[in-house]
Amino acid sequence: MTFKDKYAKFWIENGLLYFVYRPITVIDLRIAEHIVKERIRFQNEKEFPILCDMRQVKMVEKQARDYLAKEGSYLTKAVALLVNEPYTEKLGDLFLQTSKPSIPTKIFTSEFQALEFLKQF
């Protein structure tokens, strides 16, 4: 089963939740709240490690980053953030430093390495 809307697509495969953002210029608090609500509903009260593909996101506002780091961690064992360009990687670093996620979170440019990280959870 796959969930799709105008902001993201996600599915569960081999015990992982794959979360792929659609092309988004800016994730604001309203979008972050919507995405988390839909993800939690989709997970049906089951906790998963998450591969979060942010390669099509340009920017995440501070309020949205803080929300995703705290409330957005519900039903999450760990998160691997997949990025592909230096700007997005810097955005991920900023997220980790300022919002301080409450669960293990790392940034990767390689999907293989991201999946290896998530295997421990």
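This is a predicted model: local features need pLDDT of at least 70, side-chain atom pairs count only at pLDDT 80 or more; totals for chains, interfaces and linings use all residues.
Local features were taken at pLDDT of at least 70 and side-chain atom pairs at pLDDT 80 or more, while totals for chains, interfaces and linings use all residues. Residues are numbered from 1 along each chain as its sequence is written, and side-chain values use heavy atoms, with hydrogens and water left out.

The open sheet has 6 strands in the order 1-2-3-5-7-8, with mixed pairing (strands, E, are DSSP runs of at least two residues, and helices, H or I, of at least four, both numbered from the N terminus; two strands pair if DSSP finds at least two bridges between them). Strand 1 (2–4) and strand 8 (105–108) sit at the edges, each pairing on one side only. Strand 5 (residues 48–53) runs parallel to strand 7, joined to it by 5 bridges.

Helix 1 (residues 29–43) packs against helix 2 (residues 62–69) at about 25°, with the axes 8 Å apart (axes are lines fitted to C-alpha atoms, for helices over the stretch in contact, and angles run from 0 to 180 degrees between N-to-C directions). That makes helix 1 roughly parallel to helix 2, a label for angles under 35 degrees. Leu29, Ala32, Glu33 and Val36 of helix 1 meet Gln63, Ala64, Tyr67 and Leu68 of helix 2 (contact means heavy atoms within 4.5 Å).

As for the threonine, Thr76 belongs to strand 7 (residues 76–82). Beyond its neighbours within four places in sequence, Thr76 touches Arg39, Glu47, Phe48, Ile50 and Ile103.

How values were computed. Angles under 35 degrees count as roughly parallel, over 145 as roughly antiparallel, 65 to 115 as roughly perpendicular and the rest as oblique.
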